[in-house]
Amino acid sequence: MSNPSDHRVDVVSLGNGRYQVTQGETRRIAFAVGGRETWVFLDGRTYLVSDAAEGSKRRSRVDEEAALVAPMPATVLAIHAAQGQRVEQNEVVMVLEAMKMELPIRAPRDGVVKSVSCQVGDLVQPGATLLELEDADAATGSESPG
Amino acid sequence: MSSTPPFDRILIANRGEIAVRVIRACREMGIESVAVYSDADERALHTTLADRAVRIGPPPAAESYLSIDAIVSAARQTGATAVHPGYGFLSENADFAAACEKAGLTFIGPPVAAIEGMGSKIAARQTAVKAGVPVVPGETPADQSDQAVAAAASRVGFPVLLKPSEGGGGIGMKTVHDAAVLEAAIAQARREAMAAFGDGTLYVERLIERPRHVEFQVLADHHGQVVHLFERECSIQRRHQKVIEESPSTAVSRTLRQRMGQAAIAVARAARYRNAGTVEFLLEGSGDSARFYFLEMNTRLQVEHPVTEQVTGVDLVRAQIVVAAGQPLPWRQEDLEQRGHAIEVRVYAEDPARQDLPQAGTLLLYREPSMPGIRIDTGITEGAEVAVHYDPMLAKLIATGETRDAARQRALAALHQYPILGIRTNIPLLIQLLEHPRFVAGDVDTGFLDAEGDIIRSGLPSTPPAEALAIAAVARAEGPALAGIRSTGADASGIDPWSSLRGARV
């Protein structure tokens, strides 16, 4: 059921950017295409369905293992970890600021800081690498629980 | 009200939906409006809607919307005779009100002394106490060292709340449940206070557990009349920022309303208040036996003022302008009544599935629902850029009905027909909140969202349903033909790529 090409969809414009979509039952939807992103509005919910979205999802899975990335455009307010420093899961390693709010960036797991890729005051873009982690055993040789 | 406008030209020292709201009130009253804008807002709705617009600086608020000199000189340059500050930015800045007065401009708000008196938490509490209104235990340590602030927290008793002394709008407020994390919280609260208000002075207050946030709208003219326009309940808050507001409150009985309304008027009189203001209370319990504590007075129009307008039929911005011009309020307390129920939900550019992370990007598609009992106040338009420089609130949707449940159902129906595409919004969260059994029952307190938020968020759909994938596939396959729907002009010019897709097998 996950292959969209299996589905027959009737789409009728209702004007003013809205569409009636019939696929078994009738729904009213809206959507917009921006670059490689496709946004779909369906029953009060917004979905981002696109190659770009799938790509970024894949990328973020990899990132969680090795690097911390900026989730949105933001200013680097503080950096609490230096290269070679051992950090624990959930430890705040960095603080970003956007839209008047502080966003603490936490270590996703125990590890050692491999590199820091930004400076206090930098304006970082979404997806930009902030800091890279490596396993503690890579630095110390001790056994680390996954 | 007379047919001669009270002012010829008003400058609006703000941006976004509130600037648009004030511009529209001006237009209705035959008053010319002057917008101010930063470089980030050159094509924003408020900039283009006003009769005139003046650039006041680069995107950072400190160099534009918080620049007193730039705004006063914009008023002089355009011949404005009055300034409406909106909310946020300079609206509660006594220096700004004083600078306006000095430049011969009427500040559409309270006198400088009232802003100063209520802006200082100590003075505001003393005023409330003098007026016979109860307050929550707390203090601003004279010695602002970390040790002294920590000592004050111990005196007041945990849990404590750390607040910027100069603040408002919940920015920079921190809850601390025990002494172990106090030091870090003090440092963070001070940094945020410094960044938002240019002053790191902290106020330490005892946290009342499971309180409701109930506030009273007041209006005072220059002829000795002070009225209240009933309550708004704003207990649905996230990080101390309001998400849903309503009037009346399910916790306020007729008797309690009378007592709280009189207390609000007493505070306003004691502060020698003029124009529109809001007296905030914490409410412990509900009904006749509930206890209330004066929290603070906001010396400006509130974000959530529309719910009051919807249940009283009063135009608060118009009333502010009339009062600022020295005219008497057009009604007395006994003329005012609360009719029906209104609920406001704030639509934020945030991703509820990712810890409410603020979102930025282009609004590829933005269409407002149009239904009975629905009002939408916004400063955005389709195609606009949502930037990181300012508050993430995109719009306020206000639903009005004969009963609370009618208003709630209307809000839900409207949110289901409110496509905002290109950035993620909190609309899915708002829908879950409005359907939550505790909200439906009116059983809420200011900790509701913190307590229930994770469960509510776990109910948000994470993967798109097959239909969404199918629609996206159509959109991708027909990409070039669909490009037209990205611009607002497409529908108007009659381009309709979809008629050809009817029955298409994809």
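In which strand of chain A does Ile79(A) lie? Ile79(A) belongs to strand S7 (residues 74-79) of chain A; helices (H or I, at least four residues) and strands (E, at least two) are DSSP runs, numbered from the N terminus. The model is a predicted one, in which local features need pLDDT of at least 70 and side-chain atom pairs count only at pLDDT 80 or more, whereas totals for chains, interfaces and linings use all residues. Residues are numbered from 1 along each chain as its sequence is written, chains are lettered from A and ligands numbered from 1 in the order in which they are written, and side-chain values use heavy atoms, with hydrogens and water left out.

Chain A contains 2 helices and 13 strands. Of its 146 residues, 40% are buried; buried means under 20% relative accessible area, exposed over 50%, and partly exposed in between (1.4 Å probe, protein chains only). Among the contacts in chain A with a separation of 6 or more, 41% involve residues 24 or more positions apart, where contact means heavy atoms within 4.5 Å.

Ile79(A) has a relative accessible area of 27% and is therefore partly exposed. When neighbours within four places in sequence are left aside, Ile79(A) is in contact with Val93(A), Met94(A), Val116(A), Cys118(A), Gln119(A) and Val120(A). One of these residues, Cys118(A), has a relative accessible area of 8% and so counts as buried. In chain B, Cys234(B) is buried because its relative accessibility is 0%. A search of the whole structure over all chains finds 0 disulfides, a disulfide being a pair of cysteine sulfur atoms within 2.5 Å. In general, a disulfide is a covalent bond between the sulfur atoms of two cysteines.

In chain B, 4 strands form an open sheet in the order S6-S9-S7-S8, with antiparallel pairing. Two strands are taken to pair if DSSP finds at least two bridges between them. Strands S6 (138-139) and S8 (174-176) of chain B stand at the edges and have a single partner strand each, so one side of each is left without a neighbour in the sheet. S6(B) pairs with strand S9 (residues 202-206) of chain B in the antiparallel sense over 2 bridges, and Glu139(B) has Val204(B) in S9(B) as its bridge partner. Helix H8 (residues 182-197) of chain B packs on this sheet and touches strand S7 (160-164), S8 and S9 of chain B. The direction of H8(B) makes about 170 degrees with that of S8(B); such angles run from 0 to 180 degrees between N-to-C directions, and axes are lines fitted to C-alpha atoms, for helices over the stretch in contact.

Strand S20 (residues 374-378) of chain B is largely enclosed by the rest of the structure, because 5 of its 5 residues are buried. In a regular strand the side chains alternate between the two faces of the sheet. Both faces of S20(B) are covered, with Ile374(B), Ile376(B) and Thr378(B) buried on one side and Arg375(B) and Asp377(B) buried on the other. S20(B) pairs with strand S22 (residues 393-401) of chain B in the antiparallel sense over 5 bridges. Ala399(B) in S22(B) is the bridge partner of Ile374(B).

Helices H12 (residues 404-415) and H13 (residues 427-435) of chain B pack at an angle of about 155 degrees, with their axes 10 Å apart. H12(B) and H13(B) are therefore roughly antiparallel to each other; angles under 35 degrees count as roughly parallel, over 145 as roughly antiparallel, 65 to 115 as roughly perpendicular and the rest as oblique. Arg408(B), Ala411(B), Leu412(B) and Leu415(B) of H12(B) make the contact with Ile427(B), Leu430(B), Ile431(B), Leu434(B) and Glu435(B) of H13(B).

Some backbone features of chain B remain to be described. Most residues other than glycine have a negative phi, and most peptide bonds are trans. A cis peptide bond, with omega of about -5 degrees, joins Phe158(B) and Pro159(B), and Pro159(B) is found in the loop between helix H7 (146-156) and S7 of chain B. Asn275(B), in strand S13 (residues 275-284) of chain B, has a positive phi of about 75 degrees although it is not a glycine. Asn275(B) is buried, because its relative accessibility is 1%.
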